[in-house]
Amino acid sequence: MVKMKNNQTEQNIQRNMEKNIEPYIKQNIEQNIEQNIEQSIEQNIKQKLEQKDKGYSFGPQGADMVAEAAEEYVLSQKGESFARLVSDVLAEYAMTRQHGKYTLEDYLALPDDQRVELIDGVIYDMAGPHYLHQSFVGTVYRIFANYIEDNHGPCEAFVSPIDVQLDCDDKTVVQPDVLILCDLKKLRNGRVFGAPDQVVEVLSPGTSKRDQGLKLAKYKLAGVREYWLIDPRRKRVLVYEFEKRDSAMIYGFADTVPVGIYDGVCAVDFARIYDRIRFMYETV
């Protein structure tokens, strides 16, 4: 009887120890994880800041960029990406698609100096572009146009403003920053009627969300083959090759970005572009 009682006492002691130790161990594990994440974030930010001469600097909005770098790092640790998957964007578009009342006739009736886009019958205002935005637009367009001219290609490069009736209807007219069109029969009445082969958008504060969401979905569904998003603020380029993958290839401003529709023979050297316009970041 005494022996059994001793055994029960030992079991009770063991259970109490386990009960007290488990929360302690769990708490320590959580603290260690948080400390490791914080240290990793600090190390990641420091590394990014040290790379500023290689084209990855944060520019004058240093504090904001550091915060964004930390946010992006945490997302990557969770297995998420700051470049949206095409499938996710399409699902979101299917759920939130608007059916506005405006048509091509309304769009054409607006004053010429009022820059807007018509998407699914909804009119979206386009603010005047920043000179940094225009520098990227002009340079990328020139590289595309020169390549096509030098190689006597059948395509043509165009720069905004040019109207694109993306869905071949009267409910959507967009104005991509730069585009390449290879089926020149789509040129009708001063507009592009249908999907270009490649589209480039340079992100601005007023259009960034739309370019990365609604217009990404529209370009994919319309049949655009390749879509570039140039982000001057974060100094990166997202490249969607819709026929090849669901995700974007992500490049920095130290990279040369190949043009997929030309199998990489044509490419844009963003390190060279950034080096030339670096001074503009000091005046932003």
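Biologist: Which residues does F144 touch, leaving out those up to four places away in sequence?
Modeller: In this predicted model, F144 touches A157, V178, I180, Q198, V200, W228, V259, C266 and V268, once residues up to four places away in sequence are set aside.

Biologist: And which residues of the largest nonpolar core touch the most other members?
Modeller: That core has 31 residues, and those touching the most other members are F136, F144, W228, I230, V237, Y262 and F270. Two or more residues each come from α5, β5, β8, β9, β10 (236–241) and α8 (270–281), with α5 giving the largest share, 7 residues.

Biologist: What lies apart from it?
Modeller: Another core of 27 residues does, and V122, L181, A217 and Y240 are among its members.

Biologist: Where does α5 lie relative to the strands?
Modeller: Helix α5, residues 131–150, lies across β3, β5, β8 and β9 (226–231), and it runs at about 165° to β3.

Biologist: Switching to the sheet, what is the strand order?
Modeller: It is an open sheet of 6 strands with mixed pairing, in the order β3-β5-β8-β9-β10-β11. Because β3 (156–159) and β11 (249–252) stand at the edges with a single partner strand each, one side of each is left without a neighbour in the sheet. From one strand to the next, the twist averages 15°.

Biologist: How many bridges join β5 to β8, and do they run parallel or antiparallel?
Modeller: Strands β5 (residues 178–181) and β8 (residues 198–202) run antiparallel and are joined by 3 bridges; within β8, V199 is the bridge partner of L179.

Terms used: Residues are numbered from 1 along each chain as its sequence is written. This is a predicted model: local features need pLDDT of at least 70, side-chain atom pairs count only at pLDDT 80 or more; totals for chains, interfaces and linings use all residues. Side-chain values use heavy atoms; hydrogens and water are left out. Two strands pair if DSSP finds at least two bridges between them. Helices (H or I, at least four residues) and strands (E, at least two) are DSSP runs, numbered from the N terminus. Axes are lines fitted to C-alpha atoms, for helices over the stretch in contact, and angles run from 0 to 180 degrees between N-to-C directions. Contact means heavy atoms within 4.5 Å. A nonpolar core is a set of buried Ala, Val, Leu, Ile, Met, Phe, Trp, Tyr and Cys residues joined through side-chain atoms within 4.5 Å. Buried means under 20% relative accessible area, exposed over 50%, partly exposed in between (1.4 Å probe, protein chains only).
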